[in-house]
There are 4 protein chains.
Amino acid sequence: MPSIAQPFDNESLPKDKLIAEYERVRAQTMRLTEALSAEDMMLQSMPDASPAKWHLAHTTWFFETFLLQPHLAGYRTYNNAYQYLFNSYYETVGERHPRPQRGLLSRPPLEEVVNYRKHVDDAMKVLLESYSAEIEAAVTIGLHHEMQHQELIQTDIKHALSLNPYALGPDTYAVESSPGSVSTKSPEFMHFKGGLSFIGTDAESSFAYDCEQPRHQVFVPEFSLCGRLVTNAEWLEFMADDGYKRPKLWLSDGWATAQQEGWQAPLYWHREGEQWFTVTGRNRVPLDLNAPVCHISYYEADAFARWCGCRLPTEFEWEYAAQSVECCGNFLEQNQLLPQPVVADNKGLKQMFGDAWEWTQSPFIPYPGFKTPEGALAEYNGKFMANQWVLRGGSCATAEQQIRSTYRNFFYAHQRWQFSSLRLAK
Amino acid sequence: MPSIAQPFDNESLPKDKLIAEYERVRAQTMRLTEALSAEDMMLQSMPDASPAKWHLAHTTWFFETFLLQPHLAGYRTYNNAYQYLFNSYYETVGERHPRPQRGLLSRPPLEEVVNYRKHVDDAMKVLLESYSAEIEAAVTIGLHHEMQHQELIQTDIKHALSLNPYALGPDTYAVESSPGSVSTKSPEFMHFKGGLSFIGTDAESSFAYDCEQPRHQVFVPEFSLCGRLVTNAEWLEFMADDGYKRPKLWLSDGWATAQQEGWQAPLYWHREGEQWFTVTGRNRVPLDLNAPVCHISYYEADAFARWCGCRLPTEFEWEYAAQSVECCGNFLEQNQLLPQPVVADNKGLKQMFGDAWEWTQSPFIPYPGFKTPEGALAEYNGKFMANQWVLRGGSCATAEQQIRSTYRNFFYAHQRWQFSSLRLAK
Amino acid sequence: MPSIAQPFDNESLPKDKLIAEYERVRAQTMRLTEALSAEDMMLQSMPDASPAKWHLAHTTWFFETFLLQPHLAGYRTYNNAYQYLFNSYYETVGERHPRPQRGLLSRPPLEEVVNYRKHVDDAMKVLLESYSAEIEAAVTIGLHHEMQHQELIQTDIKHALSLNPYALGPDTYAVESSPGSVSTKSPEFMHFKGGLSFIGTDAESSFAYDCEQPRHQVFVPEFSLCGRLVTNAEWLEFMADDGYKRPKLWLSDGWATAQQEGWQAPLYWHREGEQWFTVTGRNRVPLDLNAPVCHISYYEADAFARWCGCRLPTEFEWEYAAQSVECCGNFLEQNQLLPQPVVADNKGLKQMFGDAWEWTQSPFIPYPGFKTPEGALAEYNGKFMANQWVLRGGSCATAEQQIRSTYRNFFYAHQRWQFSSLRLAK
Amino acid sequence: MPSIAQPFDNESLPKDKLIAEYERVRAQTMRLTEALSAEDMMLQSMPDASPAKWHLAHTTWFFETFLLQPHLAGYRTYNNAYQYLFNSYYETVGERHPRPQRGLLSRPPLEEVVNYRKHVDDAMKVLLESYSAEIEAAVTIGLHHEMQHQELIQTDIKHALSLNPYALGPDTYAVESSPGSVSTKSPEFMHFKGGLSFIGTDAESSFAYDCEQPRHQVFVPEFSLCGRLVTNAEWLEFMADDGYKRPKLWLSDGWATAQQEGWQAPLYWHREGEQWFTVTGRNRVPLDLNAPVCHISYYEADAFARWCGCRLPTEFEWEYAAQSVECCGNFLEQNQLLPQPVVADNKGLKQMFGDAWEWTQSPFIPYPGFKTPEGALAEYNGKFMANQWVLRGGSCATAEQQIRSTYRNFFYAHQRWQFSSLRLAK
Ligand SMILES: [Fe+3]
Ligand SMILES: [Fe+3]
Ligand SMILES: [Fe+3]
Ligand SMILES: [Fe+3]
């Protein structure tokens, strides 16, 4: 979140454009829950994840709290209890329901939460009529926040349904392993000269979060980056070469975690006879060998890179390289549910945006000159700047509008339920 | 479960009576969930408790597994996956879904579980037409099993809803504290001569579980039993006298548990100003001072008894005394939701049946000559005969048909979510 | 501890006899630590166990606190800090050092603790000169208390040393498996008529703890008891028959514990090739197949009994049978370190006293009419009367003077580091 | 550890100098344990810490394993079991004793470990006679490794003794609060221009660990650094201003840790009346208000910096600034046991070396071009490069020879038992 947040693109958004954007993003959230029942939307399978119903309410609470209450005269909150139930972690806003107990909120029912969304959307339409730069800035944050939760809705329900042996049936179509895809050859690396480079943004001409700021100089030594993500076929080689059994390939914390959790393959993988399967949020599918590996921890990514004599890129290397690539790819809008194989020839940097988040070897810490924004939204990203690692590039569950080359996502090294993958560097 | 299980009463039940009983019990289960949404019926707030939807399915699975599959020719199971999902702990029957993850079963949806009940009920009606003693015995067990789960449906949902600050509103009626009730006077004790007594049953003339058998002799020394349960008013005196703060009143394990859990009052109690409140499964109500204390652990019951110079009765004393009392009281059918004050004069043994389970000082162990029943139902009670304590008499959430003077319920000393209370002995 | 404690035997002990007894018991404690270094005597390998140095100091603290401070005019405590450090669990006496941190007491050094013992012994000699019945009663308790800790010194150090792969070398003598012993034949059972029997003692003519009192009537149905303990050879048969892998043989809590702890054999057993070994507190020895199995939990004992179609005896059956047997056997004084095979013919009840404690199926609860003794010693046994099981008969680590047919020892069902075994009943 | 390790200083060390250095370092280790008994040297108060006896043996095992076994013909190991017992974490060398059980090694006794040291020292003297560059490189690592353990001997025993209420008496001298010290004024900051700077070393002319290499360029934006460490007086202001009670001052992980651990002050602080005390490894002393705060976690350091509108320096800023400062200060050799106040005027960068380690805001990750050394010592630092933070500058428990401006120490953000402090940056 910038000190002065910026509109979606360079031309200042007119009021109508902002309204359209608001409607588009909010509708997209609802679309993601279309196939889910009220019971599905109760599920919380671990403290890291939240029920889909909670996501619906919390993103709405954000607009109510940061837009309607301060800015819309005469606005009446839908239900005062929601302030407590649907606050995520904003200490300034007050007490909140304990995170691990979000799955116990059978009440309010889904129906009422849907009404809550409608109530807030109606009020927002009134507010948006009285357009101002300040309102646009805050709405923009609200929409980006909602897009972040769109991805979580998908990853959280996928995790929960994967634990119910009854929930995810086999894919109904006969699946040939990604017919159109090019079989992956040995990876090609692209060389970058590096040097003193600008990293981050000042968010003057478009939206960016606090943690992407300010734009500053970093000295990036020369490096090489693989043209694509690591594939499932390559991951199976790692497994066949006892990658999960050799402590010397692993970070010390990683080895301890892998032993304790009994990791033998990426999350969601299971084997029947000779065939490996994984799951989407809808069904069980055969593993596509040419597709990027997905749902791995930082520890696994790091061990794989060491195994093949490479390393993970830094977030600066990644951003430096990404500056030359157009921001398009396999995003939420493509509705593919899983990362996809590279389709054409193997030239150039592929899969930088979309498909799967790429673990970098950079811990999530503040940029030089980082300033916590003022006000209640001050809690946005700064307080998470410890013990987490930066991931870059977005995934097949990320809204396209959400991503840019400066975007920094972050998770703990042991987490695997996000669409996380790796790209090799040297 | 007896070696030869017996019908509901002395006169052998005719086929029609059994069918009527089947319908009555099954319908009562559904009635208990009438006020609950599909979302409510997903809730599992701790591993000890199960979702209401799971109870509906599991009790149905019992009839499918132990009646329809072995006895109804041509019966087709509703869904083979249910064998895995809705088995509770019968190792003989096969693998089962992990208990702490029952709350993750958003699928099958409630609707389908209701259909499952219908499917099994229809098949049961066919089976019951071909009446036999063997079938009657097994059906009788199934119905008693279902009645046990009726109580759990109530205690489990109460626990889950109590953790949602939004779920249980204040009682809508102004509540005067149990207007008709007699204010409790200092407790009167009734003296019993004791001697060599028969305990338990051989289940020849009516149904009883394996653990109530066989009928055998126990020498019961003379003793006195309080005419009623301990009241909320008396419990407040214990609290006012630092009952929760004096280690010498407590068992060593009890004190450790109380410290770790931060116990300061019975489960569900909370205070606003000078007024104490508790909850039912439907709303928040002022504490009725004349009503029996409820939702206490064995440790608390034991500490209270020591505090007032008494002790808990043994299960043999309780059963000896109960033989002279008619088995009626404040049961599930009265729909009171909480134990009620004694209404009339203070003479005689009151509240022996219904209102609240009474902790005894007897661990749950086998009677001399105890035999595990043969077959799959062998796992019924025997394997739980360690580290638990016997409770007697049933509660306001117990079906009346379920209870008799020989009935032994059992829970761990730290558990509080059942309707558990105490009666003093000397 | 009796309301009026009694001397060691029927003839009232003269002063000289008490002094001799005091010296004998105190010296025996020191003898048990002769082979241990100051470093060994620091070891605390789990919260259940205590360092030998702590046992030396705590038993001394007992005499200082309950004899010297109240009864010896002008007595000066050795060091006031010891009141805090060496109190075990007497809440009345004041705060105390946390049990799991007893192993952190490098100071006071062993040397100082030995001086402490001398200081208190010297003062006790003065006190004992002014003999009185009250003093004799309290000293008697102190000596019995010290004998209990003599056993714990042995079991605790054995546990700690067993975890140091370097500490326990192989036995230096070539060991033929108990050469003089009779190979165990299939067990013979002895039949007992039972009936209304007296259990416990009123401690009028000799010492007994509070929990053995009062003497009272129990109806004991007829029963049979095996003439000897279960042997290691028999336990190997249980293992060979998948005893540790079949949940239906186990109590529910027992199965959960066995899985969690990975139990596959009794504690301390390990295998090299075809040969099984166990340990003493001094070295590693081949398993004597004819000797009683030892270091098993209640859960294992119960599973074994179920496996062979028997059960564990109740503590009343055991005591009833033991009344006809002389109280002698393989005790601490024999210095055998492990239970020994039955040596002669297989007739009669063997191994009732000594060799190994026998798990009974009786939970440790108060006898009817149990009274907590008054004063500080009130905390002796009563507060442990929950969740533990009675063991009877003493072991090869028990002082002979400590045991009698009414003696009730108690441990949790999962504990294995005591010399615990089983005798079959039917 | 460098690919080619380097001698202690620029002039190549002659053989005699290396021998003298070996003797000096080894003797210093023993000197640190002079005041400790064999019992003290058994203590392990948490898995993070190790017994002093273990440190003595492990540092010796290092020379035996990496010098004597490969390089001294005919060398016979002192005891083969030590390979298992005293390996710390070198997977290549083989299995090892579990870290949390190091406190259970009463055997071998201290005496034998001292003999082990002598045995190895004697053999080392023989080896050192046949001087070679390769041997010098490995010995140099061994001595630096031993110096690291010298610090741990002090921090680990301090932690263990602090948990024994009897171990650390009051200081025997009347203590005036650091009489010679200048009362701390409001901190003065020094400005640095920054720019493209060289960080790390190639270890060509003197020893450095693998993680300090290679020397590489980093762009350091301009910054200011406080001339001294934060003092105890300033920390008390933070506490008085509810620094431990305001979540907005803390990182999210830090706040969770502080709540769970109940942090209200730095480790070892306790209060009597109005006076605060801390401990050394020898006794309890009044808090010197002008001395640097010590024994704080990264989370506390970070919260304090945020509280006063500053931040922690990066490790690059620290190293950049340190290049202009002479490497001398309050080290182990000064025998002060605690960090000391700045003594003279407040000008210039004080306390950069010695006194207390300074938390930086830099996670411990590899420098660009980092190479894991070959051979068994490959495991030196690389596998710890996750989830830990860099500390710089050494402490009052660090050997002077160990430190240089490029030295990177690292600990987890929650750890407090090291001599850790902070210096403010802007
Ligand atoms: Fe959010
Ligand atoms: Fe059931
Ligand atoms: Fe004791
Ligand atoms: Fe080391």
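Residues are numbered from 1 along each chain as its sequence is written, and chains are lettered from A and ligands numbered from 1 in the order in which they are written. Because the model is predicted, local features need pLDDT of at least 70 and side-chain atom pairs count only at pLDDT 80 or more, whereas totals for chains, interfaces and linings use all residues; side-chain values use heavy atoms, with hydrogens and water left out.

Chain A contains nine helices and 11 strands, where helices (H or I, at least four residues) and strands (E, at least two) are DSSP runs numbered from the N terminus. Its radius of gyration, taken over C-alpha atoms, is 22 Å, close to the 22 Å given for 426 residues by the globule rule, so chain A is as compact as a globular protein of that length; the rule is 2.2 Å times the number of residues to the power 0.38. Along the principal axes, the C-alpha atoms of chain A fill a box of roughly 65 × 55 × 40 Å. Buried residues (under 20% relative accessible area, with exposed over 50% and partly exposed in between; 1.4 Å probe, protein chains only) make up 60% of the 426 residues in chain A. Of the contacts (heavy atoms within 4.5 Å) in chain A with a separation of 6 or more, 80% are accounted for by residues 24 or more positions apart.

Chain B is superposed on chain A by a rotation of 180° with 0.0 Å of shift along its axis, at an RMSD of 0.0 Å, which is the relation of a two-fold axis. The superposition is by least squares on the C-alpha atoms of residues with pLDDT of at least 70 in both copies. Glu39(B) is the residue of chain B that comes closest to the rotation axis, at 2.7 Å (C-alpha).

In chain B, the iron ion (ligand 2) is coordinated at 2.2 Å by the NE2 atoms of His58(B), His145(B) and His149(B); donors are N, O and S atoms within 2.8 Å of the metal (3.2 Å for Na, K and Ca), and sites may look incomplete because water is not among the atoms. His145(B) and His149(B) both lie in helix α5 (residues 133–162) of chain B, four residues apart, or about one turn of the helix. His145(B) is buried, with a relative accessible area of 3%, and His149(B) also counts as buried, at 10%.

The iron ion (ligand 4) is coordinated by NE2 of His58(D), His145(D) and His149(D), at 2.2 Å. His58(D) lies in helix α2 (residues 52–71) of chain D and His145(D) in helix α5 (residues 133–162) of chain D, so the pair ties together parts that are 87 residues apart in sequence.
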